[in-house]
Amino acid sequence: MFRSVLSGLVLSLSLVFSSCSKDDEPVPAPVYLLDQRWILTEVNGQATPKNASADLIMLAAGNTYNAHSYCNQLMGTYELAAGTPTLRFPTGGSTFALCNEIETEQAYNAALHKTVRYSISNRTLRLYGAESEQPILVFRAED
C-alpha cells in the first residue's frame, strides 16, 4: 500500500516538475500562468505608454484576477478550460478614476473581456480574441 502511494506521488511530482519551465511554456501552462504578475506591454498591437504601467495577476485560489490599469484597479473572475489554451474573463468591475491614459485603459479593459485563448512563450503572455490571429494583449512576466 505504502509503495503504491509513494510511486503515485513520485510520478505526479515528476510530471509537474518536468513540464514547468519559465522560459518556454507549453500550452496550456496554468502553473506558470497563475499567481504571476504580468506587466502589460501591448494593447491591440500598440506599445503601452512608457510613463505609466498596467498589469494582471490571475489568482489560483478562487479563479479571480486583479489588475492595475494605469489609474484604476480591475477585478473579476477568469475561466480556464483544462487541457486547452482557452481563457476567458467573463465578469469584472473596476474603480473609477480619470487619468491621462484613460483611452489606453479602456482599450485594455475591453480587450481583456474579449479574450478567448492564450499562449505563453519566452516569459511572454499573449491573449487573443475570437477572430484575431494577432494578440490583442501582450504581457511580460515580472522578474
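**Notebook: salt bridges, rings and core**

I began with a pair of charged side chains: Glu-142 forms a salt bridge with Arg-37, with 2.5 Å between the closest N and O atoms. I count a salt bridge when a side-chain nitrogen of Lys or Arg is within 4 Å of a carboxyl oxygen of Asp or Glu. This pair links distant parts of the chain, as Glu-142 is in the segment after β9 (137-141) and Arg-37 is in strand β1, 105 residues apart.

I note that the model is predicted, that local features need pLDDT of at least 70 and side-chain atom pairs pLDDT 80 or more, while totals for chains, interfaces and linings use all residues. Residues are numbered from 1 along each chain as its sequence is written, and side-chain values use heavy atoms, with hydrogens and water left out.

**Entry: the other salt bridges**

How many salt bridges are there by this rule? I find that the count comes to three. In one of them the side chains of Arg-37 and Asp-55 meet at 2.7 Å, N to O. Arg-37 in strand β1 (residues 37-43) and Asp-55 in strand β3 (residues 55-59) are 18 residues apart. Asp-143 and Arg-123 also meet in a salt bridge, at 3.4 Å from N to O. Asp-143 lies in the segment after β9 and Arg-123 in the loop between β7 (115-121) and β8 (124-129), so this pair ties together parts 20 residues apart in sequence. Salt bridges that share partners join Arg-37, Asp-55 and Glu-142 into one network.

I then looked up accessibility (buried is under 20% relative accessible area, exposed over 50%, partly exposed in between; 1.4 Å probe, protein chains only). Asp-55 counts as buried because its relative accessibility is 8%. Arg-37, at 28%, is partly exposed, and so is Glu-142 at 33%. Asp-143 is exposed, at 84%.

**Entry: rings**

I find three aromatic pairs in the structure. The rule takes rings of Phe, Tyr and Trp (its six-membered ring) with centres within 6.5 Å; planes under 30 degrees apart are stacked, over 60 edge-to-face, and the rest tilted. Tyr-32 and Trp-38 are both buried.

I also looked at Tyr-128: the charged end of Arg-117 sits over its ring, 4.0 Å from the centre. For this, NZ of Lys or CZ of Arg must be within 6 Å of the ring centre and within 35 degrees of the ring normal.

**Entry: core and whole chain**

Which residues have the most contacts inside the largest nonpolar core? They are Leu-56, Met-58, Tyr-108 and Leu-137, in a core of 27 residues. Such a core is a set of buried Ala, Val, Leu, Ile, Met, Phe, Trp, Tyr and Cys residues joined through side-chain atoms within 4.5 Å. Not counting residues up to four places away in sequence, Leu-137 touches residues including Leu-40, Val-43, Tyr-108 and Leu-125; contact means heavy atoms within 4.5 Å.

For the protein as a whole, I note three helices and nine strands, which are DSSP runs (helices H or I, at least four residues; strands E, at least two) numbered from the N terminus. Of its 143 residues, 33% count as buried.
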